[in-house]
Amino acid sequence: MPIYDYQCAECGVEFEQLVRGGAKVACPACAATKVERRMSVTARPANGSARGPDLSRLGPPPGGCCGGGCGSHSH
Ligand SMILES: [Zn+2]
C-alpha cells in the first residue's frame, strides 16, 4: 500500500498519507483537499530487481579453445 508525502497548498504543512484507491486526501491541519502529492522517500520500488540480461558478461570467452594455453603446447 503506497504511502505518499503531501504538502498542503493552502497552509503549506507537509504530511504523509496512506492512499487507498481513489481516497480523498485532506490536510490534517486545515482540512483543505487542495494538496500536492510528492514522491515519498519511504516507499520502495516493487520491482527494483527487474533488469535485463547483463550484456557485459556476454561475448567470447578469453583464451579461445583451451583457456589461453594454446601457445604453450602444440595441437
Ligand atoms: Zn493545510
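Before the points, one definition: a residue is called buried under 20% relative accessible area, exposed over 50%, and partly exposed in between, using a 1.4 Å probe and protein chains only. By that rule Cys11 is partly exposed, with a relative accessible area of 43%.

1. A word on the basis. This is a predicted model, in which local features need pLDDT of at least 70 and side-chain atom pairs count only at pLDDT 80 or more, while totals for chains, interfaces and linings use all residues. Residues are numbered from 1 along each chain as its sequence is written, and side-chain values use heavy atoms, with hydrogens and water left out.

2. The zinc site. Cys8, Cys11, Cys27 and Cys30 coordinate the zinc ion through their SG atoms at 2.3 Å. Donors here are N, O and S atoms within 2.8 Å of the metal (3.2 Å for Na, K and Ca); water is not among the atoms, so sites may look incomplete. Along the sequence, the donor residues follow the spacing C-x2-C-x15-C-x2-C.

3. As for accessibility, Cys8 is buried at 4% relative accessible area, whereas Cys11 is partly exposed at 43%.

4. The salt bridge. Searching the whole structure gives one salt bridge, meaning a side-chain nitrogen of Lys or Arg within 4 Å of a carboxyl oxygen of Asp or Glu. Arg38 and Glu14 form a salt bridge through their side chains, at 3.1 Å from N to O. This pair links distant parts of the chain, 24 residues apart: Arg38 belongs to strand β3 (residues 35–38) and Glu14 to strand β2 (residues 14–18). Strands are DSSP runs of E with at least two residues, numbered from the N terminus. Arg38 itself is partly exposed, at 37% relative accessible area.

5. The aromatic pairs. The count comes to two aromatic pairs, where rings of Phe, Tyr and Trp (its six-membered ring) pair if their centres lie within 6.5 Å; planes under 30 degrees apart are stacked, over 60 edge-to-face, and the rest tilted. Tyr4 and Tyr6 are edge-to-face, because their ring centres are 6.4 Å apart and their planes at 80 degrees. Tyr6 and Phe15 are stacked, since their centres lie 5.7 Å apart with planes at 15 degrees. Together, ring pairs link Tyr4, Tyr6 and Phe15 into a cluster.

6. Tyr6 and Phe15 are both buried, while Tyr4 is partly exposed at 21% relative accessibility. Arg37 lies over the face of Tyr4, 4.3 Å from the ring centre; the rule asks for NZ of Lys or CZ of Arg within 6 Å of the ring centre and within 35 degrees of the ring normal.

Notes. Helices (H or I, at least four residues) and strands (E, at least two) are DSSP runs, numbered from the N terminus.
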